[in-house]
Amino acid sequence: MMRFIFKYIASIVLLITVLIGSVNVEILGKQLSYYINLQLILIYLFKITNPNLNFGKGIYLFLISIINDSLNGLFFGTSAILYFIVFAVAAFQSSIKLRSIFLSEWISFGVSLILAYSVFFGLIKLSGEDIILSSISVNFILTLIGYPVFWLFIVNILKNVNR
């Protein structure tokens, strides 16, 4: 049982964060997902720390994105595009790195966020919905700042699991 959990820890944690992110947990009158996008951080971190991880050849990421879209009222496929953009950048970064350099990983994560949020902004604008640029900016900045915290946490857990 423990071997199953450790083998699929990335998928399990990602599913839990999608479910927790859709629960109406408010901080200062806004949902938690307004401030930080944990799913993007976790997808990037798990792929960087385990280059062989492919989330079931992308099928699991797509299913999780459908759950996220339906729970948060987004158009179907919106989260999938964002998840796959971040996953692709993480896959590229993990394939070219010779050793783990945190700063290059963090910059690469920032680039993936810029790409993902640009596509998200474009999709929302194309749909005709009004979007507040400050909400995307807050989420981008706090997600980028939250990466080092989760990096420390995930890397330390995975070191202990692999012992």
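A residue is called buried when its relative accessible area is under 20%, exposed when over 50%, and partly exposed in between, with a 1.4 Å probe and protein chains only. The model is a predicted one, in which local features need pLDDT of at least 70 and side-chain atom pairs count only at pLDDT 80 or more, while totals for chains, interfaces and linings use all residues. Residues are numbered from 1 along each chain as its sequence is written, and side-chain values use heavy atoms, with hydrogens and water left out.

The protein chain has eight helices and two strands, where helices (H or I, at least four residues) and strands (E, at least two) are DSSP runs numbered from the N terminus. Along the sequence these elements follow the pattern α-α-β-β-α-α-α-α-α-α. Of the 163 residues in the protein chain, 38% are buried. If contact is taken as heavy atoms within 4.5 Å, then among contacts in the protein chain with a separation of 6 or more, 72% join residues 24 or more positions apart.

As a general point, an α-helix has 3.6 residues a turn, so residues three or four places apart point the same way.

Helix α7 (residues 102-127) has 26 residues and reaches 37 Å from its first C-alpha to its last, close to the 38 Å expected at 1.5 Å a residue. The buried residues in α7 are E105, S108, F109, G110, S112, L113, A116, Y117, F120 and I124. After α7 comes G128, with a positive phi near 90°.

How do these helices pack? Two packed helices are described by the angle between their axes and the distance between the axes. Here axes are lines fitted to C-alpha atoms, for helices over the stretch in contact, and angles run from 0 to 180 degrees between N-to-C directions. Angles under 35 degrees count as roughly parallel, over 145 as roughly antiparallel, 65 to 115 as roughly perpendicular and the rest as oblique. A crossing is left-handed if the near helix is turned anticlockwise from the far one by less than a right angle, and right-handed if clockwise.

The axes of α6 and α7 come within 9 Å and cross at roughly 155°, and the two helices are therefore roughly antiparallel to each other. Their crossing is right-handed. On the α6 side the contact is made by T78, I81, L82, I85, V86, V89 and Q93, and on the α7 side by S104, E105, S108, S112, L115, A116, V119, F120 and L123. By class this contact has 10 nonpolar, five polar and one charged residues, where Ala, Val, Leu, Ile, Met, Phe, Trp, Tyr, Cys and Pro count as nonpolar, Asp, Glu, Lys and Arg as charged, and the others, Gly among them, as polar.

Helix α5 (residues 59-72) also packs on α6, their axes coming within 7 Å and crossing at roughly 140°, so that α5 and α6 are oblique to each other. In this pair, L61, F62, I64, S65, N68 and D69 of α5 meet T78, S79, A80, Y83, F84 and F87 of α6. The residues of this contact divide into seven nonpolar, four polar and one charged.

Helix α4 (residues 38-49) packs with α7 at an angle of about 135°, the axes being 11 Å apart, which makes α4 oblique to α7. That crossing is right-handed. Here L40, I41, Y44 and I48 of α4 meet E105, S108, F109, S112, L113 and Y117 of α7.

Individual residues link these descriptions. S112, found in α7, counts as buried because its relative accessibility is 0%; leaving aside neighbours within four places in sequence, S112 is in contact with Y44, I85, V86 and V89. Q93 of α6 is likewise counted as buried, at 10% relative accessibility, and touches Y44, I48, S104, E105 and S108, not counting residues up to four places away in sequence.

Methods:
Expected span 1.5 Å × (residues − 1).
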